[in-house]
Structure formats: structure tokens, C-alpha cells
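Biologist: Could you walk me through this model before I start working with it?
Modeller: Gladly; have a look at it first, and then ask whatever comes to mind.

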Amino acid sequence: MQLFFRKVATSDGPFPVREALNVSELVDDRPDVTAVSPLETDLVAVSLGQGLMSVEGTLTAGLDMLCSRCLSPMHEDLKIEFRERFKQTSSVGEEEGEDGEFIAVTGDSFDIAPYCEELFVLHVPFAPVCSENCQGIAPAAGQNWSVGSDDSDDDDTKKIDPRLAGLKDFFK
């Protein structure tokens, strides 16, 4: 997804940037992410003059994940706001402007895909939860709390380690 400063500056209006990026390799190391749709970019580049360019829009993607509490499958749609300013510079040494107001770019063109991918990775949920009231998995039964209760809660003798059973009557 190359953006050219000259091409954006000479366009009659906002320059649209629409493309689908394959971001599956960015979440390969996440075992809770089972599938990811391509990252759709709906961006608009506008020349601000003097080698400045503003790129704004939205990034969208769908994720199939496993709930971090109960391990049930879930789907999450990401809608990410993208808003960056780029400045064409002649030297490599020139860094971001004051307060990070722009990103310095050497040359007439640059690839915008790494900036989109970075925002995607930052917005993937760290510990996804299927619902706010998800109770997780029952420790003894090994099933989802919302499906059924923990069967071993009714019988206290099942909870006592047989090696420590003699200590049960110690404080009586």
C-alpha cells in the first residue's frame, strides 16, 4: 500500500486508500485466536501542503477467538480509527515533530501497511471474554459454570484429600 506524496498533492480531492491486508501471521502466536479475516482499510489521504499528508479513516477486521474464562468460541468485530500525519523529509536524522504530531518519511513514497498492522495488533483483545457475566470453568467438574453447577460442591468428602482425612476431626 504505497502512498506517494506527489500523487496525493496533485489529486483533485481526498485520495482514497482501500485495500485488504492479510494479518493472520500477526496473530499466529496467539492460541486463543482461531481465525482472522483480512484487515479492510477505508482510508482517505489529504495533502496539507509543505510535504505534509494526513491519513484518516477506519480499519475493520473480524476475529474468531476463545473466551479466556470458559474457552467457548466467540466472534469479535474490530473497528479501529486511524488518524496519522506524515511529513516528507530529506534527511534520515529528522524524527517526529514536537509532541509526535507527524511521522517523518524519507523519499517520495512510503508503505502505510505497517502502521495499519501496528494498530490492529494493539487492538486485538489480550484476554477476550464472551460476556461480562461469564463465570468460567468449574474447577472440579471441568465444564462451563453457566452450563451446569460443579457436582462436587454437594459432597464435602470428595474435596478432602484422603491423606489428610484424619485431620478432619482434629478441631472438634
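Predicted model: local features only at pLDDT ≥ 70, side-chain atom pairs only at ≥ 80, totals over all residues.

Biologist: How many of the residues count as buried, as a percentage?
Modeller: Of the 172 residues in the chain, 31% count as buried. As for the surface, the chain exposes about 11200 Å², and carbon and sulfur atoms supply 50% of that area.

Biologist: And what share of the contacts join residues at least 24 apart?
Modeller: Taking the contacts between residues at least 6 apart in sequence, 55% of them join residues at least 24 apart.

Biologist: Let's go to helix α2; which of its residues are buried?
Modeller: Helix α2 covers residues 113–123, and within it Ala 113, Cys 116, Leu 119 and Phe 120 are buried. Looking down the axis of α2, these buried residues fall within an arc of 130°, so they line one face of the helix.

Biologist: What covers the buried residues of α2?
Modeller: The cover includes a number of strands, namely β2 (15–21), β3 (33–36), β4 (39–49), β5 (52–66), β6 (73–89) and β8 (109–111).

Biologist: Which residue takes a positive phi in the hairpin of β5 and β6?
Modeller: That is Leu 71, with a positive phi near 65°, in a hairpin that has six residues between the strands.

Biologist: How does β6 run relative to β7, parallel or antiparallel?
Modeller: Strand β7 (residues 103–106) runs parallel to β6, and four bridges join the two. Here Thr 89 stands opposite Thr 106 in β7.

Biologist: Changing topic, how many aromatic pairs does the structure hold?
Modeller: It holds three aromatic pairs. One of them is formed by Phe 86 and Phe 110, a tilted pair with 4.4 Å centre to centre and 35° between the planes. Phe 86 lies in strand β6 and Phe 110 in strand β8, so this pair ties together parts that are 24 residues apart in sequence.

Biologist: Is Phe 86 buried or exposed, and what about Phe 110?
Modeller: Phe 86 counts as buried, with 0% relative accessibility, and Phe 110 counts as buried as well, at 6%.

Biologist: How are the rings of Phe 86 and Tyr 115 placed?
Modeller: Their centres are 5.2 Å apart and their planes stand at 65°, so the pair is edge-to-face, given that planes over 60 degrees apart count as such. This pair links distant parts of the chain, with Phe 86 in strand β6 and Tyr 115 in helix α2, 29 residues apart. Tyr 115 itself is partly exposed, with a relative accessible area of 24%.

Biologist: Which residues form the aromatic cluster?
Modeller: Phe 5, Phe 86, Phe 110 and Tyr 115 form one aromatic cluster.

Biologist: Now charges; how many salt bridges does a search of the whole structure find?
Modeller: The search finds five salt bridges, and one of them joins Arg 30 to Asp 32, with the closest N and O atoms 2.8 Å apart. Both Arg 30 and Asp 32 are buried.

Biologist: Which residue forms a salt bridge with Glu 56?
Modeller: The partner of Glu 56 is Arg 83, with the closest N and O atoms 3.7 Å apart. The pair links distant parts of the chain, Glu 56 being in strand β5 and Arg 83 in strand β6, 27 residues apart. Glu 56 counts as partly exposed at 34% relative accessibility, whereas Arg 83 is exposed, with a relative accessible area of 58%.

Biologist: And how far apart are the closest N and O atoms of Arg 163 and Asp 161?
Modeller: In that salt bridge they are 2.6 Å apart. Arg 163 is exposed, with a relative accessible area of 72%, while Asp 161 is partly exposed at 26%.

Conventions: Residues numbered from 1 in each chain as written. Heavy atoms only, no water. Buried < 20%, exposed > 50% of the residue type's maximum accessible area, 1.4 Å probe, protein only. Arc of directions from axis to C-beta. Contact = heavy atoms within 4.5 Å. Pairing = 2+ DSSP bridges. Phe/Tyr/Trp six-rings, centres within 6.5 Å; stacked < 30°, edge-to-face > 60°. Salt bridge = Lys/Arg side-chain N within 4 Å of Asp/Glu carboxyl O. Areas by Shrake-Rupley, 256 points an atom, 1.4 Å probe, with all protein chains shown as cover.
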